[in-house]
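Please keep the sequence and the coordinates at hand while reading.

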Amino acid sequence: MKQIYLKRGKEESLLRFHPWIFSGAIHHTDNGIEEGDVVRVLSEKGDFIAVGHYQQGSIAVRVLTFSDVDIDDRYWESRLQSALDLRQSIGLADCPNTDAYRLVHGEGDLMPGLIIDVYKQTAVMQAHSIGMHLARHQIAQALQKVMANRIAHIYYKSDTTLSFVDPENGFLLGGSNDNIATENGMRFYVDWLKGQKTGFFVDQRENRALLEKYAKDRRVLNMFCYTGGFSFYAMRGGAQLVHSVDSSAKAIELTKRNVELNFPGDPRHQAYCEDAFKFLESIGSQERSDSQSSYDLIILDPPAFAKHRGALHNALKGYTRLNQKAFEKIERGGILFTFSCSQVVTKDNFRNAVFTAAALAKRKVRILHQLHQPADHPINIYHPEGEYLKGLVLYVE
């Protein structure tokens, strides 16, 4: 195993178990280290600190363990078993009315750079680091052993996260066309072949269930709907009507299929392939029909506005603009579910952007709930950056 030596004093964050080593902290490395290699990390004095995956870039090493052990089959089986144990302890693995959940959440499960979502009997694996990509077959073997009869198929999908290495998506185990999964008794299609992320956003499961409780007799607008998850929960909750909006024609088609899967022929739902800001601006205008003139429950769940710190300022302006428009258009007594999934946007950043939007719209607003990612997306207590999903449920007078 090749070794990396840190500059003096740069081990302090690692002694607090933070799982990232930045390139500026490295003093020198052994010759011949390549991207994806498993390396030992040593202090300037040569004291062992950690073992991790090396990669060129700002984050040079993603720590796999702070113990001096080999990253072998036993290691992967142990880590995956720990991840499964957590999901069993919170009642998700083997749940009778939910067979879609996240099994591995990167740093939150002490496996930085690795995501595994389970949909029925198919596990979808996604690598966010070269090291995890190179270890995919070894991980798949360990996953098959740990999950036993829970899964029959493993699909590898990293084309969007590691496009520069041409990861070649495909099945590492089995092969299935059964892409219908269940969440809280609701069924949905999972597009793990061409869809975003692993095919569905399982991180909004509990927030969708909360929305269902607020939907009765309301006129619901689901912006950035993607697969329509919030839409069919709103319908089950007794919404008067539900309108789904996304700029992607593929997303709108998937939304329609999911609504039809759960509520075939239900006239309450309509879907629109339009830009979110333009749609919001047009609410109440003459170009819209009466059925589209007002909403008293709006969901704003946009894609990440900021993927790096350099984009933070513009992202916050975007969140403010989007929420201001929703505040201006929502009916009196309306409920707004608003989210940010940008990791670099903190809870305070997002809250301030939404508060600014409320003030600009001159609406009286009260917080009903502060939302976050569910328990199968755990946050490593030593890695606060893992808290990426922020949400607010607001009552608008």
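Which residues do ring pairs link into a cluster? Phe17, Phe66 and Tyr382 are joined in this way, in a model that is predicted.

## Aromatic pairs

Across the structure there are 13 aromatic pairs. For one of them, formed by Trp20 and Phe22, the ring centres lie 6.2 Å apart and the planes stand at 90°, so the pair is classed as edge-to-face. The two partners also have computed accessibilities: Trp20, with 12% relative accessibility, counts as buried, whereas Phe22, with 39%, counts as partly exposed.

## Charges over rings

Two arginines are placed over aromatic rings. Arg236 lies over the face of Tyr233, at 5.5 Å from the ring centre, while the charged end of Arg268 is found over the ring of Phe263, at 5.8 Å from the centre of that ring.

## Helix α10

Helix α10 covers residues 347-361, 15 residues in total, and the distance from its first C-alpha to its last is 21 Å, close to the 21 Å expected at 1.5 Å a residue. Its buried residues are Phe350, Ala353, Val354, Ala357, Ala358 and Ala361. Viewed down the axis of α10, these buried residues fall within an arc of 135°, so they line one face of the helix. As background, an α-helix has 3.6 residues a turn, so residues three or four places apart point the same way.

The cover over the buried residues of α10 includes the helix α9 (312-329) together with the strands β18 (334-340), β19 (365-372) and β20 (390-396). On the face of α10 turned away from its buried side are the exposed residues Asp348 and Ala359. Just after α10, the backbone at Lys362 adopts a positive phi of about 60°.

## Cysteines

How many disulfides does a search of the whole structure find? The search returns 0 disulfides. With 42% relative accessibility, Cys273 counts as partly exposed.

Cys341 is likewise in no disulfide, and the nearest cysteine sulfur to Cys341 is again that of Cys225, at 15 Å. Cys341 has a relative accessibility of 24% and therefore counts as partly exposed.

How values were computed
Residues numbered from 1 in each chain as written. Predicted model: local features only at pLDDT ≥ 70, side-chain atom pairs only at ≥ 80, totals over all residues. Heavy atoms only, no water. Disulfide = S-S within 2.5 Å. Buried < 20%, exposed > 50% of the residue type's maximum accessible area, 1.4 Å probe, protein only. Helix = DSSP H or I, 4+ residues; strand = E, 2+ residues; numbered from the N terminus. Expected span 1.5 Å × (residues − 1). Arc of directions from axis to C-beta. Contact = heavy atoms within 4.5 Å. Phe/Tyr/Trp six-rings, centres within 6.5 Å; stacked < 30°, edge-to-face > 60°. Lys NZ or Arg CZ within 6 Å of the ring centre and 35° of its normal.
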